[in-house]
Amino acid sequence: MTDDFTSTSRADKSKKYLLGKDGWIFLDHDSNRVIDQITGRHILDQAGIEAWRKLIVERDAYVTSVGAQHLVFVAPNKELVYSEQLPDWVEIADTRPLHQIMTALGPRRASKIVYPLEAIRAGKSKGLTYPKTDTHWSGFGAYIGYQEFCRGLSQNGIEPLQIEPSRISFEEVP
């Protein structure tokens, strides 16, 4: 029997994971090309940027026509939240597709994009926001995302009902 988790090589495209430090497992060779996005090897071309800008502007127009607001929530990926656990050769790029889209939208519209990367990174001091061996955030990480979404709603004049932290608890699952 061989240990399927010994290689960190990107040469084997059949493996959909990247082994990080201390047993951390990250998504790789996926349809979103996460590692390529975060390292700047996959950025949007002008047509891709314009397609995203147009999609958001069209949705804004529709939502406004029915008397509502359009906020966009972008869940940060585990690779950025726990970048310190990636292999040393992975260097995070300053410009990634989300940044390109936000720049194309301009600061006023980009302010209606809720991207809780920093809040979820900060939450790591209180618990795992993503499990070591799964690409989806933990309940705790999702709760931080929820809190940030509520904050985004409040900043836009919508006061959501919020679940207070004292009313919930989270268990880390091995």
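Buried means under 20% relative accessible area, exposed over 50%, and partly exposed in between, with a 1.4 Å probe and protein chains only. This briefing concerns a predicted model, in which local features need pLDDT of at least 70 and side-chain atom pairs count only at pLDDT 80 or more, whereas totals for chains, interfaces and linings use all residues. Residues are numbered from 1 along each chain as its sequence is written, and side-chain values use heavy atoms, with hydrogens and water left out.

**Salt bridges**

- A search of the whole structure finds nine salt bridges, a salt bridge being a side-chain nitrogen of Lys or Arg within 4 Å of a carboxyl oxygen of Asp or Glu.
- One of them joins the side chains of lysine 21 and aspartate 88 at 2.7 Å, N to O; because lysine 21 lies in the loop between strand 1 (17–19) and strand 2 (25–27) and aspartate 88 in the loop between helix 3 and helix 4, the pair ties together parts that are 67 residues apart in sequence.
- Helices (H or I, at least four residues) and strands (E, at least two) are DSSP runs, numbered from the N terminus.
- Lysine 21 counts as partly exposed, because its relative accessibility is 30%, while aspartate 88, at 63% relative accessibility, counts as exposed.
- Arginine 109 and aspartate 60 meet through their side chains in a salt bridge of 2.6 Å, N to O, which links distant parts of the chain, with arginine 109 in helix 5 (residues 107–110) and aspartate 60 in helix 2, 49 residues apart.
- Both arginine 109 and aspartate 60 are buried.
- Lysine 124 forms a salt bridge with glutamate 84, with the closest N and O atoms 2.9 Å apart; lysine 124 lies in the loop between helix 6 (117–123) and helix 7 (139–155) and glutamate 84 in the loop between helix 3 and helix 4, so the pair ties together parts that are 40 residues apart in sequence.
- Lysine 124 is partly exposed, with a relative accessible area of 24%, and glutamate 84 is also partly exposed, with 40%.

**Largest pocket**

- The largest pocket holds about 850 Å³ of space, a pocket being, on a 1 Å grid over the protein atoms alone, an open set of points where a 1.4 Å probe fits, with protein on both sides within 12 Å along at least five of seven lines.
- Of the 31 residues that line this pocket, the closest to its centre are Gln37, Val74, Ala75, Asn77 and Leu98, lining residues being those with an atom within 4 Å of a point.

Conventions: Points joined across faces, edges and corners; volume = space filled by probe spheres on them.
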